Amino acid sequence: MAKGAIKRSKAVSPRQEPELLTGSLAPKEVTPTLESEIGAEVRRLRKELDLTVMELGAAAGISAGMMSKIENGSISPSLATLSALAKALNVPIGRLFRESTEQRDCSFVKAGTGVRIERRGTKAGHLYDLLGHSVGGDIVVEPYLITLKGDAVPYTDFRHAGVEFIYMLTGKVRYRHADRSYLLEPGDALFFDAAARHGPEELVKAPMTYLSIIIYPRRS
């Protein structure tokens with residue numbers, strides 16, 4: 001091989017490439033099978049109509065044992081069976097595939113277009129721009145861009161359910177949480193239990209901006 005030549009590695013097909021993971025410790029979501037998704041939707045629709053497994057099976061001409069297997073996702077029902085179920089449930093057959101075509105929650109906000117939220121601190125030069133929102137699920141996530149202007153005043157009595165993560169972007173602020181305070185400069189991060197009193201205790205260098213992500217359980 002000539003000097004300075006680049007040794008080319010063999011091309012790796014997409015199927016051979018290892019799956020890349022993030023640094024998060026969140027468990028990998030198990031992808032449900034089509035059979036289990038159909039079964040879950042049949043069960044949900046049946047319960048909406050207040051029907052028993054036996055009653056729906058009788059209406060669709062399917063045995064109770066077969067109905068149980070369909071709802072448990074343990075068999076792959078034929079098109080004729082799905083058509084009979086859809087007719088008995090009074091829905092289009094495509095409705096039984098709803099889970100497999102369901103869109104996942106996603107929110108996109110262009111720079112400078114966050115929703116300005118009026119909160120207790122806004123009258124004191126604290127500006128809250130909501131950068132996204134979670135639509136469903138058991139957990140609510142609220143990402144804010146918080147700006148403390150030159151006329152802002154300290155406030156350390158915020159407290160609410162859940163946890164909060166702060167990432168400092170510009171300026172410098174001393175932030176109080178419970179009985180301790182932390183000097184936050186660009187690049188610093190603070191993660192805490194939001195049930196304790198917290199908030200900016202000393203506005204050292206204005207203007208100050210930081211990303212605040214609040215996470216709490218959704219009320220039923």
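Reader: Let's start with His126. Which strand does His126 lie in?
Author: His126 belongs to strand 2, which covers residues 126-130. Keep in mind as we go that this is a predicted model.

Reader: Thanks. Is His126 buried or exposed?
Author: His126 is buried, because its relative accessibility is 1% and the cut-off for buried is under 20%.

Reader: And what lies 2.7 Å from a polar atom of the His126 side chain?
Author: That would be the backbone oxygen of Val153.

Reader: Nice. Can we move to helix 1? How many residues does helix 1 have, and how far does it reach?
Author: Helix 1 runs over residues 34-48, so to speak of its size, it has 15 residues and reaches 21 Å from its first C-alpha to its last. That is close to the 21 Å expected at 1.5 Å a residue.

Reader: Which residues of helix 1 are buried?
Author: The buried ones are Glu37, Ile38, Gly39, Glu41, Val42, Leu45 and Arg46.

Reader: Okay, and what covers the buried residues of helix 1?
Author: The cover includes helix 2 (53-60), helix 3 (64-71) and helix 4 (79-89).

Reader: What about the spot just after helix 1?
Author: Asp50 sits there, with a positive phi of about 60°.

Reader: Which other residues have a positive phi although they are not glycine?
Author: Among them are Asn90, with a phi of about 60°, and Ala178, with a phi of about 55°. Most residues other than glycine have a negative phi.

Reader: Where is the place of Asn90, and where is the place of Ala178?
Author: Asn90 is in the loop between helix 4 and strand 1 (115-117). Ala178 is in the loop between strand 4 and strand 5 (180-184).

Reader: How does Asn90 count, buried or exposed?
Author: Asn90 counts as exposed, because its relative accessibility is 69% and the cut-off for exposed is over 50%. Ala178, at 40% relative accessibility, counts as partly exposed.

Reader: While we're on the backbone, which peptide bond is cis?
Author: The bond from Ala206 to Pro207 is cis, with omega near -5°. Pro207 is found in strand 7. Most peptide bonds are trans.

Reader: What is Glu201 in contact with, leaving aside its neighbours within four places in sequence?
Author: Glu201 is in contact with Pro154, Thr156, Arg174, Tyr175, Arg176 and Ser181. Take Thr156: Glu201 and Thr156 are 45 residues apart along the chain, yet their C-alpha atoms are separated by 5.9 Å.

Reader: Which residues lie nearest the centre of the largest cavity?
Author: Tyr128, Ile146, Phe158, Glu164 and Tyr175 do, out of 11 residues in the lining. The elements that give two or more residues to that lining are strand 4 (163-177) and strand 7 (198-217).

Reader: Which element gives the most to the lining?
Author: Strand 7 does, with 4 residues.

Reader: And what is the lining of the largest cavity by class?
Author: By class, the lining has 6 nonpolar, 3 polar and 2 charged residues.

Reader: One more residue: where is Ala64 found, and what does it touch beyond its neighbours within four places in sequence?
Author: Ala64 is found in helix 3. Beyond those neighbours, Ala64 is in contact with Val53 and Met54. The C-alpha atoms of Ala64 and Val53 are separated by 6.1 Å, with the two residues 11 apart along the chain. Ala64 counts as partly exposed at 32% relative accessibility.

Reader: Last one, to zoom out. How many helices and strands does the chain have?
Author: The chain has 4 helices and 7 strands. From the N terminus on, the order is α-α-α-α-β-β-β-β-β-β-β. Of the 220 residues, 27% count as buried. Among contacts with a separation of 6 or more, 64% are between residues 24 or more positions apart.

Conventions. Residues are numbered from 1 along each chain as its sequence is written. This is a predicted model: local features need pLDDT of at least 70, side-chain atom pairs count only at pLDDT 80 or more; totals for chains, interfaces and linings use all residues. Side-chain values use heavy atoms; hydrogens and water are left out. Buried means under 20% relative accessible area, exposed over 50%, partly exposed in between (1.4 Å probe, protein chains only). A polar contact is a pair of N or O atoms within 3.5 Å; within protein, one must be able to donate a hydrogen and the other to accept it, and residues adjacent in sequence count only if both atoms are side-chain atoms. The expected span of a helix is 1.5 Å times one less than its number of residues. Contact means heavy atoms within 4.5 Å. On a 1 Å grid over the protein atoms alone, a cavity is a set of points where a 1.4 Å probe fits but cannot get out, and a pocket is an open set with protein on both sides within 12 Å along at least five of seven lines; lining residues have an atom within 4 Å of a point. Ala, Val, Leu, Ile, Met, Phe, Trp, Tyr, Cys and Pro count as nonpolar, Asp, Glu, Lys and Arg as charged, and the others, Gly among them, as polar.
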